[in-house]
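Biologist: I would like to learn how to read aromatic ring pairs in a model; could you take me through them step by step?

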Amino acid sequence: MGCSVCTVRLNFGKALSRVSLFFIMILIFTYFFYCLTGFCESAPRSFYNIQTIERDYDILDRKYDNLRQPTRFHRHYDAPTRWNVTDSTVRAQVGATRQITGSNIKQAQSNGIPVSNTFGTKKFPQAIIIGVKKGGTRALLEFLRIHPDVRAVGAEPHFFDRFYEKGLEWYRNLMPRTLEGQVTMEKTPSYFVTKEAPGRVCAMNCRAKLIVVVRDPVTRAVSDYTQTLSKNPGLPSFQDLALKNASAGLVDTSWSAVRIGLYAKHLENWLLHFPSSHILFVSGERLVSDPAGEVGRVQDFLGLKRVVSDKHFYFNQTKGFPCLKKPEGSSRPRCLGKSKGRPHPQIPPEVIQKLRDFYRPFNLRFYQMTGQDFGWD
């Protein structure tokens, strides 16, 4: 009888131990579950989203990245308003900006994560360099990218002239991430001469700031031809393309190299959608002779502090245009590529004079429309 009681007590004790062990295991599992959940919520985005790396971000850009919180703040023009939201599609795609604290930025820097790839949001560009081809748009963009409050797409998106059917969300995903107070930019020079582009840009944001780099249309046409000739050595001569026939000497406006230089006609199309106060005209000639002055005007236009100045430039005698002085940590200065500054072919003087006579009335009209005399005549 006594042994039976002992056996029952022993079996009860074993069962109690197993139940206790089961509850302990549940508690341990719950503890680890909450720990893991808390870790996932607090982990940096880059731990579990590798798509935050910008496709247009190259090694040269990193030397000029702003790894501090911007000190100047201004309104982002892609916020939904009755002026720049034209339909439900645009309204759905325009997102609110996210505030980023200084402590988060410092933490990212200490972890070796580029701020431009981790924080901020992708916004529609507030400023676009819309033209013109062979006017100096690449130089201007590279000069502006020195500014810590400017973030720009490296390649030309060609959204409003070639890829508009891809949609605004596709376009916005091309943009770099920006913090509050930074300006998102892109450049596609062909926008200026594309008939549909002004309406499409306005459908995205009628308050966008537009920049046009213009150059003597005759010199620009020769430069345009030189670029095409480098890719297609079998191209006819410049005079054969520029003039309809040698005897009559009529200028052929169907040739794109000539047509692009009709600045006044292209500007009329843009003024149907944007006020002149939203368009800045930069002189391609002064961008070479006084880069700091022209870039200063652009910084004022964008509402930015004048950070880019004379100290950032030096004139490259070989290339014939200004280059950026070497940034800190770099072994060489930063110049545009070999495709820039090509020597132009010799064009007969009488052909050049015919083009100057042809462009003169269009140039004078352009001076009146912009309120600037570019001195091409």
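This is a predicted model: local features need pLDDT of at least 70, side-chain atom pairs count only at pLDDT 80 or more; totals for chains, interfaces and linings use all residues.

Biologist: What describes a pair of aromatic rings?

Modeller: In general, the distance of the centres and the angle of the planes describe such a pair. In this structure the count comes to 23 aromatic pairs. One of them joins Phe160 and Tyr191, whose centres are 5.4 Å apart with 75 degrees between the planes, an edge-to-face arrangement.

Biologist: Where in the chain do Phe160 and Tyr191 lie?

Modeller: The pair links distant parts of the chain, 31 residues apart: Phe160 belongs to the loop between strand 3 (150-152) and helix 6 (168-174), while Tyr191 belongs to the loop between strand 5 (183-187) and helix 7 (197-204). Both Phe160 and Tyr191 are buried.

Biologist: How does the pair of Phe163 and Trp170 read, by distance and angle?

Modeller: The rings of Phe163 and Trp170 form a tilted pair, 5.8 Å centre to centre and with 55 degrees between the planes.

Biologist: Why does Phe163 count as partly exposed?

Modeller: Phe163 counts as partly exposed because its relative accessible area is 30%, and the class covers values between 20% and 50%. Trp170 is likewise partly exposed, because its relative accessibility is 28%.

Biologist: Which charged residues lie over the faces of Phe124 and Phe301?

Modeller: Over the face of Phe124 lies Arg172, at 5.1 Å from the ring centre, and over the face of Phe301 lies Lys209, at 5.3 Å from the ring centre.

Methods:
Residues are numbered from 1 along each chain as its sequence is written. Side-chain values use heavy atoms; hydrogens and water are left out. Rings of Phe, Tyr and Trp (its six-membered ring) pair if their centres lie within 6.5 Å; planes under 30 degrees apart count as stacked, over 60 as edge-to-face and the rest as tilted. Helices (H or I, at least four residues) and strands (E, at least two) are DSSP runs, numbered from the N terminus. Buried means under 20% relative accessible area, exposed over 50%, partly exposed in between (1.4 Å probe, protein chains only). A charge sits over a ring if NZ of Lys or CZ of Arg is within 6 Å of the ring centre and within 35 degrees of the ring normal.
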